[in-house]
Amino acid sequence: MIVAVVHERDPAAVVAALRDLGARFAPGQVMAEVRLDALPAPDPEIIAGSPVPVIATCRRPEDGGAFVGSEPERLDLLWRALQAGARHIDVEMDVLDRMRPARLFGVIASRHDLRETPLDLESVADPAFREAAVKAVKLAVFAHDFGDVMRIV
């Protein structure tokens, strides 16, 4: 399955991108990761009625995102995205314990390291894999050399 990142700054552009993905791909071929943090005024309702399944995310600046509100506001946006129809939400591993109700829907647990590739990727991912409600684990890391790439593989 292809996951297409929708990182538009305009709500109308997000809706258009979702419609375009629905027109270009057969059902089951694509999901859209909608970056709510890219919007000046994030509104999870823009994903309602999406023709493709949506993974909603709202990244903090330390994880490469642009969300400027409080942490409770950010987590509330993700919860509202589930209510608006997101199939999954992508949340950082360090906030999994604060997303207990949402975990019934399918959480993608992620960790972003924009400086390096941790030496032991398994030890980074293992705690998230032990969470029963986590559907997938995503590690976004910076590879400096071929050795980093091989550890990722």
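In this predicted model, Asp20 is partly exposed, with a relative accessibility of 37%. Its salt-bridge partner is Arg24, and the closest N and O atoms of the pair are 3.3 Å apart. Arg24 is exposed, at 63% relative accessibility. Both residues belong to helix H1. They are four residues apart, about one turn of the helix.

A search of the whole structure returns eleven salt bridges. One of them joins Asp90 to Arg59, with closest N and O atoms 2.8 Å apart. Asp90 sits in strand S4 and Arg59 in the loop between S3 and H2, so this pair ties together parts that are 31 residues apart in sequence. Both Asp90 and Arg59 are buried. Another salt bridge links Glu62 with Arg60, where the closest N and O atoms are 3.5 Å apart. Here the burial of the partners is as follows. Glu62 is exposed, with a relative accessible area of 54%. Arg60 is buried, at 10% relative accessibility.

The largest nonpolar core holds 32 residues. Val6, Leu18, Val34 and Ile47 touch the most other members. At least two core residues come from each of strand S1 (2–6), helix H1 (11–24), strand S2 (30–35), strand S3 (54–57), helix H2 (71–84), strand S4 (88–92) and strand S5 (107–113). H2 gives the most, with six residues.

Contacts around Ile47 were examined next. Beyond its neighbours within four places in sequence, Ile47 is in contact with Leu18, Val34, Val54, Ala81, Ala84, Gly85 and Ala86. Val54 lies in strand S3. Val54 has a relative accessibility of 2% and therefore counts as buried. Excluding residues up to four places away in sequence, Val54 touches Leu18, Ala32, Val34, Ile47, Ala86, Arg87 and His88.

Strands S4 and S5 run parallel and are joined by four bridges. Val91 has Ala109 in S5 as its bridge partner. S5 is mostly covered, with six of its seven residues buried.

A nonpolar patch lies on the surface. Phe146, Val149, Met150 and Val153 form this patch and together have about 450 Å² of accessible area. Phe146 is in helix H4 (residues 146–152). Its relative accessible area is 62%, so Phe146 is exposed. Ile152 is 98 residues from Val54 along the chain, and the C-alpha atoms of the two are separated by 25 Å.

Conventions:
Residues are numbered from 1 along each chain as its sequence is written. This is a predicted model: local features need pLDDT of at least 70, side-chain atom pairs count only at pLDDT 80 or more; totals for chains, interfaces and linings use all residues. Side-chain values use heavy atoms; hydrogens and water are left out. A nonpolar core is a set of buried Ala, Val, Leu, Ile, Met, Phe, Trp, Tyr and Cys residues joined through side-chain atoms within 4.5 Å. Buried means under 20% relative accessible area, exposed over 50%, partly exposed in between (1.4 Å probe, protein chains only). Contact means heavy atoms within 4.5 Å. Patches are made of residues with over 30% relative accessible area and no salt bridge: like charges are joined within 9 Å, nonpolar side chains (Val, Leu, Ile, Met, Phe, Trp, Tyr) within 5 Å. Accessible areas come from the Shrake-Rupley method with a 1.4 Å probe; for residues, only the protein chains shown count as cover. A salt bridge is a side-chain nitrogen of Lys or Arg within 4 Å of a carboxyl oxygen of Asp or Glu. Two strands pair if DSSP finds at least two bridges between them.
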